[in-house]
Amino acid sequence: MGVEICVEGLTKSFGQQVIWQDVSLTLPAGEVSVMLGPSGTGKSVFLKTLVGLLKPERGSVRIAGRDITKLREHDLYEVRKLFGVLFQDGALFGSMSLYDNIAFPLREHTRKPESEIRRIVLEKMDMVGLIGAEEKLPGEISGGMRKRAGLARALVLDPEIILFDEPDSGLDPVRVAYLNQLIVDLNAQIDATFLIVTHDIASARQVPDNIGLLFRRELVMFGPREKLLTSDEPVVRQFLNGRMQGPIGMAEEKDAAQVEQELAQLDAPTKAPGSQALTPRLLPGPGISRPPRWQAIASREAESHRKEVADA
């Protein structure tokens, strides 16, 4: 079962440059959350701060009742055992087979016998669809397979929290679709708390229970998926629709007058409250039962849709 992560007033800077400030949110236990934002808004920095690799200037990150920003290195090491991380490139050792890459955390952090390690590694490889590729080297397989191998390695210590740093980077749309389905299936099976940093709008619309958006050094919004997908907040609408009109510019933030003029030029139906369609959720595949919480989420989304139709 996943654990809840409570973030309060988190601020991170590098020298005089503020990356983001006063970020507060709660990642619900066992749910899938996505963090969005334009390039350079500090999404990967946020992940590193959650796992304690970077120390914030202010604020707290409470995991399993402990504020990791105040822990000594030994205690922080214990909390980090709750985490599994999938890095952008999979971060595999090029000279090791996939089997040895995935077995590495077990050999490094446990005293399990090789027979037990083999059972666990093959179980996780089966979960991500890599059985039969045990002896292949990372350089001999596709980018999608490397991502799945990285995910299997993140799973071997049975983490309660899994962080995904742009898992779709470098993948074509078909592989992204397969990876999204895998993420949904895994969450239904292991019920860990997932946080995904991504730029992929289709993934953000289909996969998570909750969505957040970082912009202008702040967390603009964070909440249930349906809240953001139907939001009339200009920066949220602009990002989720992938268009030029709105507060986000190519190289720098636009001034308020320019944003107002661009939004005024959009068609009225696009600006109408409740006009943003609620994309259907991606469901677990055949034979994978849905967690009990899904019924409550489905009811909440259905109610949101009814209100949307009534207000239209």
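**Terms and the values behind them**

Author: Let us begin with one residue of this predicted model: Ser13 lies in strand S1, which covers residues 5–14.

Reader: Why is Ser13 called buried?

Author: The relative accessible area of Ser13 is 15%, and buried means under 20%. Ser13 is therefore buried.

Reader: Which residues does Ser13 touch, not counting residues up to four places away in sequence?

Author: On that count, Ser13 touches Val18, Ile19 and Glu57.

Reader: What makes Ser95 exposed?

Author: Ser95 has 72% relative accessibility, and exposed means over 50%; Ser95 therefore counts as exposed. Ser95 is found in the loop between strand S6 (83–86) and H3. The C-alpha atom of Ser95 is separated by 7.9 Å from that of Pro138, although the two residues are 43 apart along the chain.

Reader: Why is Asp100 called partly exposed?

Author: The value for Asp100 is 28%. Buried would need a value under 20%, and exposed one over 50%. Asp100 falls in between and is therefore partly exposed. Asp100 is found in helix H3, residues 98–109.

Reader: How many aromatic pairs does a search of the whole structure find?

Author: The search finds 3 aromatic pairs.

Reader: Why is the pair of Trp20 and Phe46 called edge-to-face?

Author: The ring centres of Trp20 and Phe46 are 5.7 Å apart and the planes stand at 80 degrees. Centres within 6.5 Å make a pair, and planes over 60 degrees apart count as edge-to-face. The pair is therefore edge-to-face. This pair links distant parts of the chain, with Trp20 in strand S2 (residues 17–27) and Phe46 in helix H1 (residues 43–50), 26 residues apart.

Reader: What makes Trp20 and Phe46 buried?

Author: Trp20 has 0% relative accessibility and Phe46 has a relative accessible area of 1%. The limit for buried is under 20%, so Trp20 is buried, and so is Phe46.

Reader: Why is the pair of Phe164 and Phe194 called tilted?

Author: The ring centres of Phe164 and Phe194 are 5.2 Å apart and their planes are at 50 degrees. Stacked would need an angle under 30 degrees and edge-to-face one over 60; the rest count as tilted. Phe164 in strand S7 (residues 161–165) and Phe194 in strand S8 (residues 193–197) are 30 residues apart, and their pair links distant parts of the chain. Both Phe164 and Phe194 are buried.

Reader: How do you know that helices H5 and H6 are roughly parallel?

Author: The axes of H5 (residues 143–155) and H6 (residues 173–190) come within 11 Å and cross at roughly 15 degrees. Angles under 35 degrees count as roughly parallel, and H5 is therefore roughly parallel to H6. The contact is made by Gly144, Arg148, Leu151 and Leu155 of H5 and Arg175, Leu182, Leu186 and Ile190 of H6. By class, this contact has 5 nonpolar, 1 polar and 2 charged residues. The crossing of H5 and H6 is right-handed.

Reader: What makes H3 and H5 roughly parallel to each other?

Author: The axes of H3 and H5 cross at roughly 30 degrees and come within 7 Å. The angle is under the limit of 35 degrees, and H3 and H5 are therefore roughly parallel. H3 passes H5 in a right-handed crossing. Leu98, Asn101, Ile102 and Pro105 of H3 make the contact with Ala149, Ala152 and Arg153 of H5. The classes in this contact are 5 nonpolar, 1 polar and 1 charged.

Reader: What does the secondary structure of the protein come to?

Author: It comes to 12 helices and 10 strands. Buried residues make up 51% of the 312 residues in the protein.

Conventions
Residues are numbered from 1 along each chain as its sequence is written. This is a predicted model: local features need pLDDT of at least 70, side-chain atom pairs count only at pLDDT 80 or more; totals for chains, interfaces and linings use all residues. Side-chain values use heavy atoms; hydrogens and water are left out. Helices (H or I, at least four residues) and strands (E, at least two) are DSSP runs, numbered from the N terminus. Buried means under 20% relative accessible area, exposed over 50%, partly exposed in between (1.4 Å probe, protein chains only). Rings of Phe, Tyr and Trp (its six-membered ring) pair if their centres lie within 6.5 Å; planes under 30 degrees apart count as stacked, over 60 as edge-to-face and the rest as tilted. Contact means heavy atoms within 4.5 Å. Axes are lines fitted to C-alpha atoms, for helices over the stretch in contact, and angles run from 0 to 180 degrees between N-to-C directions. Angles under 35 degrees count as roughly parallel, over 145 as roughly antiparallel, 65 to 115 as roughly perpendicular and the rest as oblique. A crossing is left-handed if the near helix is turned anticlockwise from the far one by less than a right angle, and right-handed if clockwise. Ala, Val, Leu, Ile, Met, Phe, Trp, Tyr, Cys and Pro count as nonpolar, Asp, Glu, Lys and Arg as charged, and the others, Gly among them, as polar.
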